[in-house]
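Visitor: I should like to be guided through the structure shown below.
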Amino acid sequence: MRWYRQLPFGVYSVLLSIGVGLILWLTKITGEEAAILAAIGLELVVIVHRVHFDLQRLDDPIRALVRNAQLDEAIGAARHILNSKNPQAKVLLESAVHTFANRIKELRTGWARFSPNDFMQWTEGLFSGAKPGDTFHATSHLGGGEYWRRNYGRRYEALNRSAQALGLAIQRIYIFRDATHLEEFREVLDRQSEFTDIRFILLEEGDNSLRLPHRDFFVYNSHVAAEFHFAEPGMVLSHIQITTDADQVKIMAGEYARMRDAFSRPYRPSVEPATK
């Protein structure tokens, strides 16, 4: 921030008053001309006050966002790349800027598509702000228990655990084919029971009224939701769609509530966790 942005309004007023006084003294202006000049000085004080107010207003929230994201450093790095005259580096820079611009535009529409790695970074930021009273409702069935045994799933599980320690209330519905399928992944459920309220659905016990979603998803409070899309074969995580659109989040929250209330039941771990 430039030095003049940090001065309080009172300092501006005093400096302008002193400036007007010096001009009057040095030029020996008196009478009507002095009054005119003083009026001009007063108008300058008013203008500076308005400008100062507008600059303060600009600081919140967009300038705070820029500072938190360290975009000033990114702009400096971009300037360094351009000054290097490296054509390949310039192409990479243009691609990065294009990706950044598109992501912002996607968020404005309410939807954004993330690769698994980008999603993990986004989730770290999302969960770091978790606090008591926040809720996280999720489903897990397309990836099966194997998802949680892979490195990516274990990392995501660790983020869930850390967020719960900050106060996030996590509830997840697991969907299995039958009781045998559940037993195959009981160690995953027992482990996650330490920080998650787990419920489950056995498809063999259901009826035709249960419509399984074509993706796993979560709803965070009433502000954001995400869909996990998996690819055949092996149901490997392909990409994640994130939405902040209030109507879409409400629809997914209702879908989760219906599955929970009409079809799921609480999971009881083999050994009750000491803390929850």
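**A helix and a sheet**

Guide: Let us begin with helix α7, on one side of which Asn-151 and Ala-165 are exposed. Please note that the model is predicted.

Visitor: Which residues of α7 are buried, and where do they lie on the helix?

Guide: The buried residues of α7 are Tyr-152, Gly-153, Tyr-156, Glu-157, Leu-159, Asn-160 and Ala-163. An α-helix has 3.6 residues a turn, so residues three or four places apart point the same way. Seen down the axis of α7, the buried residues fall within an arc of 160 degrees, so they line one face of the helix.

Visitor: How far apart are the end C-alpha atoms of α7?

Guide: Helix α7 covers residues 151–166, which is 16 residues. At 1.5 Å a residue, the helix should span 22 Å.

Visitor: Which strands stand at the edges of the open sheet of eight strands?

Guide: The order of the strands is β1-β7-β6-β5-β2-β3-β4-β8, and the pairing is mixed. Two strands have a single partner each, so one side of each is left without a neighbour in the sheet. These edge strands are β1 (111–114) and β8 (265–266).

Visitor: Within this sheet, what is the bridge partner of Ala-226 in β7?

Guide: Strands of a sheet pair through backbone hydrogen bonds, either parallel or antiparallel. Strand β6 (residues 224–231) and strand β7 (residues 236–243) pair in the antiparallel sense, over seven bridges. In β7, the partner of Ala-226 is Ile-242.

Definitions and conventions. Residues are numbered from 1 along each chain as its sequence is written. This is a predicted model: local features need pLDDT of at least 70, side-chain atom pairs count only at pLDDT 80 or more; totals for chains, interfaces and linings use all residues. Side-chain values use heavy atoms; hydrogens and water are left out. Two strands pair if DSSP finds at least two bridges between them. Helices (H or I, at least four residues) and strands (E, at least two) are DSSP runs, numbered from the N terminus. The expected span of a helix is 1.5 Å times one less than its number of residues. Buried means under 20% relative accessible area, exposed over 50%, partly exposed in between (1.4 Å probe, protein chains only). The arc is that of the directions from the helix axis to the C-beta atoms.
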